[in-house]
Amino acid sequence: MTRDDFHTEVPAVGVFDSLRKKRKGGGQVRGSTKQDTAHLDDWAAQRQGVEAYVEPRTHVTETTVVLVAHDGEWTRRRIASPEAAADFARKRKIPLYEVERVGYPKRMREYQARQKKERGSA
């Protein structure tokens with residue numbers, strides 16, 4: 001017997017295949033909607049010191065933008081593309097950063113730590 005006698009065909013399976021929702025068009029995840037943009041608009045209008053952080057498309061999600069307020073409170077929604085994120089930020093005079101280059105702001109992590117602590121004491 002040779003080593004090739006034991007070879008069997010194994011279907012290629014991606015690590016995230018089980019997470020991806022199957023839809024018409026070949027398993028693509030949901031893109032951004034008008035509701036996503038409306039949420040970002042409303043959220044930014046109700047907070048001070050808002051900055052935008054664009055997150056690149058991955059195998060699991062489309063391009064997203066994270067808005068972070070002065071106190072670290074944040075929200076995330078899908079956006080059509082990095083260019084759409086730039087347009088969104090420019091129209092609203094919000095600074096835009098690429099997460100892959102600058103990371104998330106410290107105040108965002110501090111906000112999350114405060115929220116976790118508050119939930120633990122409640």
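**Entry 1**

I began by noting that the model is predicted. Then I looked up the strand order. The sheet is open and has four strands, in the order β3-β2-β1-β4. Its pairing is mixed. β3 (74-78) and β4 are the edge strands, and each of them pairs on one side only. From one strand to the next, the twist averages 25 degrees.

**Entry 2. The pairing of β1**

I took β1 next and asked which sense its pairing has. Strand β1 covers residues 51-55. With strand β2 (residues 64-68), β1 pairs in the antiparallel sense, over five bridges. With strand β4 (residues 96-98), β1 pairs in the parallel sense, over three bridges.

Ala52 stands opposite Leu67 in β2. Ala52 also stands opposite Leu96 in β4. For Val54, the bridge partner in β2 is Val65. As background, I noted that strands of a sheet pair through backbone hydrogen bonds, parallel or antiparallel.

**Entry 3. The side chains of β1**

Which residues of β1 point one way, and which the other? Glu51, Tyr53 and Glu55 point one way. Ala52 and Val54 point the other way. I had the general rule in mind here: in a regular strand, side chains alternate between the two faces of the sheet.

Next I checked how covered the strand is. Five of the five residues in β1 are buried. That holds for the residues pointing either way. I looked at Glu55 in particular. Its relative accessibility is 9%, so Glu55 counts as buried.

**Entry 4. Helix α2**

I moved to helix α2, residues 82-92. Which of its residues are buried? I found Ala85, Phe88 and Ala89. They lie on the same side of α2, because they cover an arc of only 90 degrees around the axis. Glu83, Arg90 and Lys91 are on the other side, and they are exposed.

What covers the buried residues of α2? The cover includes α1 (34-45), β1, β2 and β4.

**Entry 5. Lys93**

I stopped at the residue that follows α2, which is Lys93. Lys93 is in the loop between α2 and β4. Its phi is positive, about 55 degrees, although Lys93 is not a glycine. I noted this because most residues other than glycine have a negative phi.

Is Lys93 buried or exposed? Its relative accessibility is 76%, so Lys93 counts as exposed.

**Entry 6. Salt bridges**

How many salt bridges does a search of the whole structure find? It finds eight. The general idea is that side chains of opposite charge can pair when their charged atoms come close.

The side chains of Arg92 and Asp41 form one of them, at 2.3 Å from N to O. Arg92 is in helix α2 and Asp41 in helix α1, 51 residues apart. The pair links distant parts of the chain. I checked the exposure of both ends. Arg92 is partly exposed, with a relative accessible area of 29%. Asp41 also counts as partly exposed, at 29% relative accessibility.

Arg76 and Glu55 form another salt bridge, with their closest N and O atoms 2.8 Å apart. Arg76 lies in strand β3 and Glu55 in strand β1, so this pair ties together parts that are 21 residues apart in sequence. Arg76 is partly exposed, with a relative accessible area of 33%.

At 40% relative accessibility, Glu98 counts as partly exposed. Arg101 is exposed, with a relative accessible area of 68%.

Conventions. Residues are numbered from 1 along each chain as its sequence is written. This is a predicted model: local features need pLDDT of at least 70, side-chain atom pairs count only at pLDDT 80 or more; totals for chains, interfaces and linings use all residues. Side-chain values use heavy atoms; hydrogens and water are left out. Buried means under 20% relative accessible area, exposed over 50%, partly exposed in between (1.4 Å probe, protein chains only). Helices (H or I, at least four residues) and strands (E, at least two) are DSSP runs, numbered from the N terminus. Two strands pair if DSSP finds at least two bridges between them. The arc is that of the directions from the helix axis to the C-beta atoms. Contact means heavy atoms within 4.5 Å. Axes are lines fitted to C-alpha atoms, for helices over the stretch in contact, and angles run from 0 to 180 degrees between N-to-C directions. A salt bridge is a side-chain nitrogen of Lys or Arg within 4 Å of a carboxyl oxygen of Asp or Glu.
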